[in-house]
Amino acid sequence: MTRVAAIDCGTNSIRLLVADADPVTGELVELDRRMEIVRLGQGVDRTGRLAPEALERTFAACRQYAAVIKEHGAQKVRFVATSASRDAENRDDFVRGVLDILGVEPEVISGDQEAAFSFDGATKELAGRDDLAKPYLVVDIGGGSTEFVLGDDRVRAARSVDIGCVRMTERHLVRDGAVVDPPTPAAVAGLRADVAAALDLAGQSVPLTGVGTLVGLAGTVTTVAAIALGLHEYDSAAIHHSRVSLEQVREITGRLLASTHAERAAIGSMHPGRVDVIASGALILLAVMERTGAHEVVVSEHDILDGIGWSIA
């Protein structure tokens, strides 16, 4: 077994997985999994640059992760950076900072690579289940982008499009530097139109109908699942492989869009870093389900982070 550390740095969060990996079977035995909301993509859609305060929040999390990696004695480390750092003019500042702290250079991967990691992480443990029809459509709703990956035993088609909970919130639901609570009907209509256009784009590469099982990944989907399950606090074990119906997603999305910041923050399973962006993320999930005709989404806690771990193994 090889002890590996996988880091996924997205637009909204940075996450760490330390695991023992079998290079022959690809088995991962999880030792430590954690997440910090750092909002690296703060303002990137508007300015094209990573904000200094966003970089510092991210570097602070990297310092914590460096200590965890050292404590566990991980032999191999892979750091993957996604949407925000792909888009930023000053991404070299980000690369240098991570290299100084962790001793590895972040790989600023393409949307297609991101999609493949997400698919592997989400579907490897579904092999052999006869209650989930193939092909799988894996949908990874991030902060800056959403990945669509269709496949069965391997990836058949993939597309990354620039809709994510942070990007859509900043583009449509922020006025004078603050999130409007609740948003106006015009703002919601604009958000819906952007998402619909992105789904049209994704559909040019990835068939969005005739899907066997819709598998949803990342914080938006898991938070919606936690609300649907009525959890008073976030419970990863209860959420993993839960099934949320279209009717539940529609009801939750409507409730989130009509709520205030305080009402969303009072939800026991809500991470404080998702309070401002969860409504946009839920609306993306709802639009995906309506477009694909999916009656339910199977929720996975294993995603791109696990895919990165598999790649090391």
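These are my notebook entries on a predicted model of a protein chain.

**Overall build**

I began with the secondary structure and got 13 helices and 13 strands for the protein chain. Next I looked up the radius of gyration, which is 18 Å, close to the 20 Å from the globule rule for 313 residues, so the chain is as compact as a globular protein of that length. For the extents, I took the C-alpha trace along its principal axes and found a span of about 50 × 50 × 40 Å.

**Burial, contacts and surface**

How much of the chain counts as buried? I get 54% of the 313 residues. I then turned to contacts with a separation of 6 or more, and 69% of them come from residues 24 or more positions apart.

**Strands around β4**

I picked β4 (residues 76-81) and asked what it pairs with. Strand β1 (residues 2-9) is one partner, parallel to β4 over six bridges. Within that pairing, I noted Val 80 of β4 opposite Asp 8. Strand β5 (residues 107-108) also runs parallel to β4, and two bridges join them. Here I found Ala 81 bridged to Val 108 in β5.

**Helix α13**

Is α13 (residues 304-312) mostly covered or mostly open? It is mostly covered, as seven of its nine residues are buried. I wrote down the buried set: Ile 304, Leu 305, Asp 306, Gly 307, Ile 308, Gly 309 and Ile 312. So Asp 306 is on the buried list because its relative accessible area is under 20%. I then looked for what covers these residues, and the cover includes β1, β2 (13-21), β3 (28-37) and β4. Also part of that cover are α5 (111-123) and β6 (136-141). That brings me back to β1 and β4, which I had already logged as a parallel pair.

**Asn 90**

Asn 90 sits in the loop between α3 (83-87) and α4 (91-102). Buried or exposed? Its relative accessible area is 7%, and the cut-off for buried is under 20%, so Asn 90 counts as buried. Which residues does Asn 90 touch, not counting those up to four places away in sequence? I find Arg 49, Leu 50 and Leu 55.

Notes. Residues numbered from 1 in each chain as written. Predicted model: local features only at pLDDT ≥ 70, side-chain atom pairs only at ≥ 80, totals over all residues. Heavy atoms only, no water. Helix = DSSP H or I, 4+ residues; strand = E, 2+ residues; numbered from the N terminus. Rg over C-alpha atoms; globule rule 2.2 N^0.38 Å. Buried < 20%, exposed > 50% of the residue type's maximum accessible area, 1.4 Å probe, protein only. Contact = heavy atoms within 4.5 Å. Pairing = 2+ DSSP bridges.
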